[in-house]
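Here's a quick briefing to read alongside the model. Have the sequence and the 3D view open as you go.

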Amino acid sequence: MSSLPPFWLLVEQHGDELMRYARRLSGDDAEDVLQEALLKALRSYPKLGDGNHLRAWLYRVTTTAAWDHSARRRRRPEVLTDSLPVTTTDPHENDDDFGSLIGQLSPGARAALTLRYVEDLSYESIGTRLGCSPEAARQRVSTAVRSLRKRLT
Amino acid sequence: MKLEPRFLEKVANSAIQEGIADIVYSEFDTPLGRLLVARSDKGVCLIAYPGESQHALLGRLSTSLSPRIVLSQEALAKTQAIIISYLEGHTSSIDIPVDLSLVTSEFGRRVLDNVSLVARGRVTSYGRLAQVCGHPGAARAAGTALGRNPVPIVVPCHRVMPSTGIVGGYGGGSWRKQYLLELEGALPKS
C-alpha cells in the first residue's frame, strides 16, 4: 500500500516549472535533462516512503540530472565539422537575460543562482532542493556569485 | 513554457520500454462517454465512466497497485480501438486481457469470473449468479460485487438483471446498461 500520489499527477503539476528550471541549468539540452530526471525519479519513486516534499525532491533530481548530463557532455570527444555552430532555436532564450548571463557557469553554480535569485528561495529551501545544509547552500550561492563576477570583469 | 504533449508521450514511452511504468492510462471518447482506461502488465485493470474525478481514480490505483503511473495515448491505442469498435457495434467480441488486482475479496473475484461466462446477448439474474458462485441466497452480495467491478464493459456486469425484468442499477448509470444490452441483442432496440 502506497501513500504516494500517482507519479503522472506530479508531472502534470510541476512539469512546467521543472522545464523552466532545466532550461536555466542546461539551456538547449533542457528536454533531454528533464526526460532523464523524470525517468530517474520514476525509477526510485516507490522507495520514497512518504509523499512529503515531493516538489523539492523533483528539483533535486533535476539538478542532479543536469550535472550528470553536463559531465557526460564534457567527457564526450568533440566532433570537428566545417559547418557553422548551431545556434539556439528557443525564441525565449534571448529574452532570458539571466539565463544567458549564467549560461557559461557550471550546472551547480547555475542551480544555486537560479534557486536564489530567480526562484527567490531562502537558503534553507535551497538546501532542501540541492540536498545540502542551509550553510552549504549559502556557500554554493556565494561561490557562484564570485564565479559570475569573475566572468563579468 | 508549457510541456508539450509530444515530450510527455516520449517520456511515458521511454518509461514503458524500460519497464518502470507499472500502470499506463489514457482517456478517450466513446458512445458511452469519455472513459479512463488503465492497464498493468497483466491486462486492463480499470475502466471508469465519467463521474469520479481523475485524481480519485488514479489515487485508488496508486494506493492499491503502484504509484508508478504514466499517461500514454500511444500505449493504449490498441485497447482504445478495440473498445470503441465494440461499443460502436463493429465487432462482436472484446478480446482484452483483464487484471482484477483491484478486487480483493475472493467472493468478488468469483462473481466477476462467473459473470464473464455469460455470453453476449444473454443475461442472468443476481440470484442465479450467487448460486453459481456457491452462495445461493447471496443475491445482494453478488450485486455489491458487480457494482465494484473495476473493469465494466470488458467484464460484462451489465449482463445481470433483476428477476423482475427491469434493466436495474448499473455503476455507470442505467442508460449505459440499456445501451450495452441493446447493442448485444439482449434487449430490443428502444
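Two strands count as paired if DSSP finds at least two bridges between them, and the strands themselves (E, at least two residues), like the helices (H or I, at least four), are DSSP runs numbered from the N terminus. This is a predicted model, in which local features need pLDDT of at least 70 and side-chain atom pairs count only at pLDDT 80 or more, while totals for chains, interfaces and linings use all residues. Residues are numbered from 1 along each chain as its sequence is written, with chains lettered from A and ligands numbered from 1 in the order in which they are written.

**Strand pairing in chain B**
- Strand 1 (23-30) of chain B pairs with strand 4 of chain B in the parallel sense, over 3 bridges.
- In that part of the sheet, Ile23(B) sits opposite Ile69(B) of strand 4.
- Strand 1 of chain B also pairs with strand 2 of chain B, this time in the antiparallel sense and over 7 bridges.
- Here Tyr25(B) stands opposite Ala38(B) of strand 2.
- Strands 1 and 2 of chain B make a hairpin, with 2 residues between them.

**Helix 2 of chain B**
- Leu58(B), Leu61(B) and Ser62(B) are the buried residues of helix 2 (residues 54-64) of chain B; buried means that 20 or more other C-beta atoms, placed from the backbone, lie within 10 Å of the residue's own.
- They share one side of helix 2 of chain B, because they cover an arc of only 100 degrees around the axis, the arc being that of the directions from the helix axis to the C-beta atoms.
- These buried residues pack against helix 1 of chain A, along with strand 1, strand 2 (33-39), strand 3 and strand 4 (69-71) of chain B.

**Where the chains meet**
- 20 residues of chain A are in contact with 22 residues of chain B, contact meaning C-beta atoms, placed from the backbone, within 7 Å.
- On the chain A side, helix 1 (7-26) and helix 2 (30-44) are the elements giving two or more residues.
- Helix 1 of chain A gives the most, with 7 residues.

**Domains of chain B**
- Chain B splits into domain 1 (9-87) and domain 2 (106-183), with bounds from an automatic or database domain assignment.
- Their centres, taken over C-alpha atoms, are 24 Å apart.
- The contact between them takes 7 residues from domain 1 and 8 residues from domain 2.
- On the domain 1 side, strand 3 (residues 44-48) of chain B supplies the largest share, 4 residues.

Technical notes. Two residues are in contact if their C-beta atoms, placed from the backbone, lie within 7 Å. A residue is buried if 20 or more other C-beta atoms lie within 10 Å of its own, exposed if 12 or fewer, and partly exposed in between; C-beta atoms are placed from the backbone.
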